[in-house]
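The stops below are meant to be visited in order.

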Amino acid sequence: GLPFLLLMGSTALYFAFHEPVAKVVYALTLTASPASLPQVQSPPGAVSLDLLLQRARFLEPAGEFTLVRLPRSSGQPATLNYMLPGDLSDLGANGIHFDPNTGAALRIDRMRDMQLGARIVAAFVPLHFGTFGRTPSRVLWALLGSLPSVVFTTGLAIWWRRRLRRI
């Protein structure tokens, strides 16, 4: 009931107001905000996703790669997200950032190496969407997420019956 709704509301604030919420978390945990994504300095070129995945698997053999984030504009890296055994999220909170022009690895971000504030912020996604326990947690989240609709519908039905009795 209420704890679930509070969790959904507080994590939803993060999606609506990403920067301010992250700054509050870093301030409350007394941790510095993580470094910005590395900038790409190489001349334009093209590297295949297969090559990036091959390099990522070499750098993180235990990783299960879950997401590819292509650069939105020049100067941004390509990022391959992955999960490691024991990670909270099955979406992959870890990432390897590559130069999309050369395929060089620019930085590896592992959740286990992050400071407390960054780990809390990274946990907002799996906690909000229920992706922390694979299918069972997603089913539970779907059931809990439907409860406000059930409570509203039953409350409306009770109110409507009482109103009809008065008439």
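Predicted model: local features only at pLDDT ≥ 70, side-chain atom pairs only at ≥ 80, totals over all residues.

Residues are numbered from 1 along each chain as its sequence is written, and side-chain values use heavy atoms, with hydrogens and water left out.

Stop 1: Select residues 94–98, strand E3, and residues 105–109, strand E4; they pair in the antiparallel sense over four bridges. Helices (H or I, at least four residues) and strands (E, at least two) are DSSP runs, numbered from the N terminus, and two strands pair if DSSP finds at least two bridges between them. Phenylalanine 98 stands opposite alanine 105 in E4. Six residues lie between the strands of this hairpin, where glycine 103 takes a positive phi near 85°.

**Stop 2: the salt bridges.** The structure holds four salt bridges (a side-chain nitrogen of Lys or Arg within 4 Å of a carboxyl oxygen of Asp or Glu). Select arginine 110 and glutamate 60, whose closest N and O atoms are 2.7 Å apart in a salt bridge. Arginine 110 is in the loop between E4 and helix H4 (116–129) and glutamate 60 in the loop between helix H3 (49–59) and strand E1 (64–69), so this pair ties together parts that are 50 residues apart in sequence. Is glutamate 60 buried or exposed? Glutamate 60 counts as buried, at 8% relative accessibility (buried is under 20% relative accessible area, exposed over 50%, partly exposed in between; 1.4 Å probe, protein chains only).

Aspartate 113 is exposed, at 53%.

Next, select glutamate 64 and arginine 134, which meet in a salt bridge (3.9 Å, N to O). The pair links distant parts of the chain, with glutamate 64 in strand E1 and arginine 134 in helix H5, 70 residues apart. Glutamate 64 is partly exposed at 42%, and arginine 134 is partly exposed at 43%.

**Stop 3: helix H5.** Select residues 134–166, the helix that holds valine 139. Valine 139 is partly exposed, with a relative accessible area of 45%. Leucine 164 also lies in H5 and is partly exposed at 49%. Finish at arginine 166, in helix H5, which is exposed at 74%.
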